[in-house]
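Subject: Structure for your review

Dear colleague,

Please find below the structure I am handing over to you.

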Amino acid sequence: IIAAFQPKLLAGRRVLLTAGPTFEPIDPVRGITNLSSGKMGYAIARAAREAGAEVTLVSGPTALETPYGVRRVDVQTAQQMHDAVMGNVTGQDLFVAVAAVADWRVANASTQKLKKQNEQDTPELQFVQNPDILATVAALPQRPYCVGFAAESENLEQYGTAKRIRKNIPLLVGNIGHQTFGRDDNSLMLFDDQGHSALPRADKQTLARQLIREIARRMAQSPD
Ligand code: CTP
Ligand code: CA
């Protein structure tokens, strides 16, 4: 009964998220992507909306339905994701970077479909680094509360602690085990300036609600 009269955790807050993979073209019909399904990011967007926030979700290509009440901006490349985030970040209270953003794009992408010519002549791709969206947002003078994700294949505790400091963010969330892409469940490790703690294995929507609770508590205590 008492709970019903409590204001929602993120009532009146504005939340911006990235989710899903990015797609970096090689030519008009080919590209480089990754195995992110977008499920965790979409679950967090849904949980933030349930918690009363006004939610904008910048999404790479996924097969998922837009969560109820969430404003979705579709992008393909990391550069487009960067531009959509920068175009929407003003006035946001919270930024959660869940997307698996390509670290590199093809520098010599072709405007025409690459054709087989002979057996010796295979295409050579060159790469250039993409902008770091989370680091860019975290460096803004009036930055929202910033939460990052990390998909590590090993040494999660060590890499997670270091990555949070390198990205200059108050909270970094690590996937425990890297076989999480596409699954419906997950378990998370939270890194903040106090150390780290775990959210044990559960379905992604349950974890997303727990994570929103953890974030809201930290935002209430944080100066930024
Ligand atoms: N991220 C981002 N823009 C990029 C790369 C990553 O916003 N160009 C965000 C991701 O959404 C995630 C966090 O940064 O929230 C960490 O991503 P991750 O790939 O783990 O870290 P990197 O800094 O790219 O380091 P590395 O891949 O070398 O481990
Ligand atoms: Ca990366």
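The notes below set out what was found.

This is a predicted model, in which local features need pLDDT of at least 70 and side-chain atom pairs count only at pLDDT 80 or more, while totals for chains, interfaces and linings use all residues. Residues are numbered from 1 along each chain as its sequence is written, and chains are lettered from A and ligands numbered from 1 in the order in which they are written.

Overall form

The protein chain contains five helices and 12 strands; these are DSSP runs numbered from the N terminus, with helices being H or I of at least four residues and strands E of at least two. Its radius of gyration is 19 Å, close to the 17 Å that the globule rule gives for 224 residues, so the chain is as compact as a globular protein of that length. (The radius is taken over C-alpha atoms, and the rule is 2.2 Å times the number of residues to the power 0.38.) Along the principal axes, the C-alpha atoms fill a box of roughly 75 × 35 × 35 Å. Of the 224 residues, 36% count as buried, meaning that 20 or more other C-beta atoms, placed from the backbone, lie within 10 Å of the residue's own.

The sheet

Eight strands form an open sheet with mixed pairing, in the order β5-β4-β1-β6-β9-β10-β11-β12; two strands pair if DSSP finds at least two bridges between them. The edge strands, β5 (71–74) and β12, each pair on one side only. Neighbouring strands of the sheet are turned by 20° against each other on average, direction ignored. β10 and β11 run antiparallel and are joined by four bridges, and L172 stands opposite F191 in β11. Seven bridges join β11 to β12, also an antiparallel pair; here D185 stands opposite D203 in β12. A hairpin of two residues connects β11 to β12.

Two helices against the sheet

Helix α1 lies across β1 (14–19), β4 (54–59), β6 and β11, running at about 170° to β1. Such angles run from 0 to 180 degrees between the N-to-C directions of axes fitted to C-alpha atoms, for helices over the stretch in contact. Of the 12 residues of α1, 11 are buried, and their cover includes β1, β4, β6, β11 and α5. Just after α1, G52 takes a positive phi of about 100°.

Helix α5 (residues 204–221) has 18 residues and reaches 26 Å from its first C-alpha to its last, close to the 26 Å expected; the expected span is 1.5 Å times one less than the number of residues. α5 lies across β6, β9, β10, β11 and β12, at about 150° to β12. Its buried residues are K204, L207, A208, L211, I212, I215 and A216.

The nonpolar core

The largest nonpolar core has 51 residues, among which L17, I44 and I212 touch the most other members. Such a core is a set of buried Ala, Val, Leu, Ile, Met, Phe, Trp, Tyr and Cys residues joined through C-beta atoms within 7 Å. α1 gives the most to this core, with seven residues. Beyond its neighbours within four places in sequence, I44 is in contact with L17, V96, V98, A208, L211 and I212, contact meaning C-beta atoms, placed from the backbone, within 7 Å.

With kind regards
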